[in-house]
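Q: I would like to learn how to read a model feature by feature. Where do we start?

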Amino acid sequence: FLGTGKTTVLKHILENKEGLRVGVIINDVAEVNIDAKLIRNSPSSSGDATVELQNGCACCTVSDELFASVRQILDLALARGMPFDHIIIELSG
């Protein structure tokens, strides 16, 4: 699924969220998580939270890390006192 526009769709969602709070978990199998950097540096992501998954496929090698990342983003929302309206998990090809 490389090159299918997943990051473009995610950026579109964040740029058009109309007041919704969105948490994002990004999994990238590359050594440098370029997708997370693009999203984090986007002005549209202000006020939202981004958590990075690394080290492989979220369904196989990092499933425990995926659950820990969901817990991390939920804990962050709880600490801020502002729950997310949506949590998006963007998986790389």
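A: Start with burial. Buried means under 20% relative accessible area, exposed over 50%, and partly exposed in between (1.4 Å probe, protein chains only). Of the 93 residues of the protein, 35% count as buried. This is a predicted model: local features need pLDDT of at least 70, side-chain atom pairs count only at pLDDT 80 or more, and totals for chains, interfaces and linings use all residues. Residues are numbered from 1 along each chain as its sequence is written, and side-chain values use heavy atoms, with hydrogens and water left out.

Q: Where is confidence lowest, and where is it highest?
A: Look at pLDDT, the predictor's confidence in each residue, from 0 to 100. The protein averages 75. A score of at least 70 is reached by 61% of the residues. Helix α2 (residues 34–40) has the lowest confidence, at a mean of 63. Helix α3 has the highest, at 87.

Q: How many helices and strands are there?
A: Helices (H or I, at least four residues) and strands (E, at least two) are DSSP runs, numbered from the N terminus. The protein has three helices and three strands. Along the sequence they follow the pattern α-β-α-β-α-β.

Q: How do I read strand pairing, and which way do β1 and β3 run?
A: Two strands pair if DSSP finds at least two bridges between them. Here β1 and β3 run parallel, joined by six bridges. Take valine 24 as a case: its bridge partner in β3 is isoleucine 88.

Q: Why is β1 largely enclosed?
A: Check each residue for burial. Six of the six residues of β1 are buried, so the rest of the structure largely encloses this strand. Then check the two faces. Val22, Val24 and Ile26 are buried on one side. Gly23, Ile25 and Asn27 are buried on the other.

Q: How do I read a salt bridge, and how many does the whole structure hold?
A: Side chains of opposite charge can pair when their charged atoms come close. The criterion is a side-chain nitrogen of Lys or Arg within 4 Å of a carboxyl oxygen of Asp or Glu. A search of the whole structure finds one such bridge. Arginine 71 forms it with aspartate 75, and their closest N and O atoms are 2.9 Å apart. Both residues lie in helix α3 (residues 63–80), four residues apart, or about one turn of the helix. Arginine 71 is partly exposed, at 48% relative accessible area. Aspartate 75 is partly exposed too, at 35%.

Q: Which residues form the nonpolar patch on the surface?
A: Patches are made of residues with over 30% relative accessible area and no salt bridge: like charges are joined within 9 Å, nonpolar side chains (Val, Leu, Ile, Met, Phe, Trp, Tyr) within 5 Å. Areas come from the Shrake-Rupley method with a 1.4 Å probe; for residues, only the protein chains shown count as cover. Leu74, Ile87, Ile89 and Leu91 make up the patch, with about 290 Å² of accessible area together. Strand β3 (residues 86–91) gives the most, with three residues. Isoleucine 89 lies in this strand and is partly exposed, at 38%.

Q: Is arginine 21 buried or exposed?
A: Arginine 21 is buried, with a relative accessible area of 14%. It is found in the loop between α1 (6–15) and β1 (22–27). Now look for a polar contact: a pair of N or O atoms within 3.5 Å; within protein, one must be able to donate a hydrogen and the other to accept it, and residues adjacent in sequence count only if both atoms are side-chain atoms. The side chain of arginine 21 reaches the backbone oxygen of methionine 82 at 3.2 Å.
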